[in-house]
Amino acid sequence: MAKINHNNSLDTIDTLLTDAKQQGVIHLVSDVNQTVDGKILISKKEFLNFGTCGYLGLELDQRLKDGAIDFTQKYGTQHNISRGYLSSGIHVQLEEYLSQMFDNRHVLTFSSVSSAHISVIPTLITHEDAVILDQQVHMSVQTAAQLLRQKGVSIEMIRHSNMEMLEQQVIQLSQKHKKIWYLIDGVYSMYGDLAPVNDLLYLLDKYEALHLYIDDAHGMSWYGKNGTGYINSKVPIHDKIILMTTMSKGFGVTGGIAVFPNEEMYRKVRIFGGPLIFSLPLTPPVIGAAIASAKIHLSDDIYIMQKELRENIDYCNQLISKTNLTIISDPLTPIFFVGMGQPKVGFNMVKRLLNDGFFVNLAMFPAVSIKSTGIRFSISRQVQKNEIKDFVDALAFHYPQVLAEEGKIIEDINKVFKIKAATNKIIESKEQKIVSNDFEIQEENTIEKINKE
């Protein structure tokens with residue numbers, strides 16, 4: 001999320017969002033007779049859903065629906081007692097399943113990942129510490145971090161994934177502060193790019209004061225062992241890393257998850273973690289569905305689903321590689337970002353896609369900087385390949401026409417996002433190794449890891 005510094009930013013947000021709503025590209029409402037088939041019905045018109053965060057389609061899985069129904073019948077619609085007094089056994093059971101998924105680490109669940117941040121950040125970050133926010137870290141993290149100001153905690157912000165700025169801030173802040181917390185996303189929700197984990201691990205080992213607080217909400221389920229996400233798969237268990245994630249995206253139900261590196265951190269939040277105590281716990285229907293989802297994640301079914309999604313993502317990347325679309329996102333993720341530049345350019349594109357029957361997300365200020373508007377779309381497991389092709393064809397068809405209508409050329413957009421002109425080469429993730437017949441490229445962040453030979 002872009003940083004909001006001044007009160008007059010709220011006026012800018014109001015103006016932009018009001019304009020977008022009036023043009024019919026945000027704040028849309030689905031019909032009440034919406035069917036549960038992965039498609040969207042708005043004003044009796046059917047749209048293919050390229051805006052979902054349900055990457056695996058688990059929210060439509062019959063096992064989750066049966067779990068919700070079963071637990072509703074057995075336990076009612078809510079458990080209306082604070083966990084400070086009495087935890088429901090089914091809630092504890094869910095956390096035990098989630099702990100199994102995360103290699104038996106200590107896990108707490110929350111009604112949302114936003115309430116999880118509000119619980120964990122003020123509890124574990126003290127007045128002796130300092131905080132560094134990544135410019136694109138999710139707004140829920142930024143909001144929770146503001147609660148630290150009343151403790152006198154120093155809060156800084158650096159440009160998105162700028163490791164040079166991070167290191168400079170760590171050196172400077174560590175002179176006065178015991179711990180330096182860098183708050184980031186594992187998979188960024190707008191640009192669909194990845195946290196630079198190798199560089200972060202290098203800095204984590206280099207500077208004793210540096211700690212990481214990682215929200216991997218958009219990495220959950222579609223990637224990794226037991227579907228535990230991008231970060232859990234790429235980063236080893238570390239005493240200086242707190243992992244946060246959600247059940248509200250790929251996992252198929254609502255709720256936030258905190259995964260702690262040690263028992264003491266878990267204990268402190270469990271004793272009194274703000275919303276953990278004063279807000280109601282997950283409801284029985286949600287717990288029933290979540291347990292059903294956890295069982296899927298602990299089975300081989302999750303890898304079948306991941307493979308099916310991977311095939312759709314790779315197919316979409318292959319189609320995009322043959323276009324001139326300005327793609328900002330990392331091709332490893334199911335999140336795609338097409339750079340548009342000015343908000344009015346984004347408005348134009350969304351309207352055209354809606355007219356063609358495709359629902360997408362408009363990424364604009366304050367989610368991104370005001371000149372970095374884009375089309376954010378996602379690829380899910382349930383979308384068909386012919387539908388992906390129709391959608392990419394529509395994007396490629398409308399893109400140059402939209403730019404021409406708004407007085408822009410592709411080079412203008414590339415300049416805004418500081419990328420080279422698109423080529424017809426197959427897109428590869430930064431996390432993938434590039435291998436030829438004779439050579440393999442090896443990327444390291446220190447010379448000590450390079451074989452002398």
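This is a predicted model: local features need pLDDT of at least 70, side-chain atom pairs count only at pLDDT 80 or more; totals for chains, interfaces and linings use all residues.
**Ground rules.** I note that residues are numbered from 1 along each chain as its sequence is written, and that side-chain values use heavy atoms, without hydrogens and water. Local features need pLDDT of at least 70 and side-chain atom pairs count only at pLDDT 80 or more, while totals for chains, interfaces and linings use all residues.

**Aromatic pairs.** I searched the whole structure and found eleven aromatic pairs (rings of Phe, Tyr and Trp, the last by its six-membered ring, with centres within 6.5 Å; planes under 30 degrees apart are stacked, over 60 edge-to-face, the rest tilted). One of them joins Tyr-223 and Tyr-230, a tilted pair with 5.6 Å from centre to centre and 55 degrees between the planes. I looked up Tyr-223, which counts as buried at 18% relative accessibility (buried is under 20% relative accessible area, exposed over 50%, partly exposed in between, with a 1.4 Å probe and protein chains only), and Tyr-230, which is buried at 0%.

Next I took Phe-337 and Phe-417, whose ring centres are 5.9 Å apart with planes at 65 degrees, so this pair is edge-to-face. Phe-337 lies in strand E10 (residues 335-341) and Phe-417 in the segment after helix H15 (410-416), so the pair ties together parts 80 residues apart in sequence (helices, H or I with at least four residues, and strands, E with at least two, are DSSP runs numbered from the N terminus). Both Phe-337 and Phe-417 are buried.

**Cluster.** I also recorded one aromatic cluster, formed by Phe-50, Phe-336, Phe-358, Phe-377 and Phe-391.
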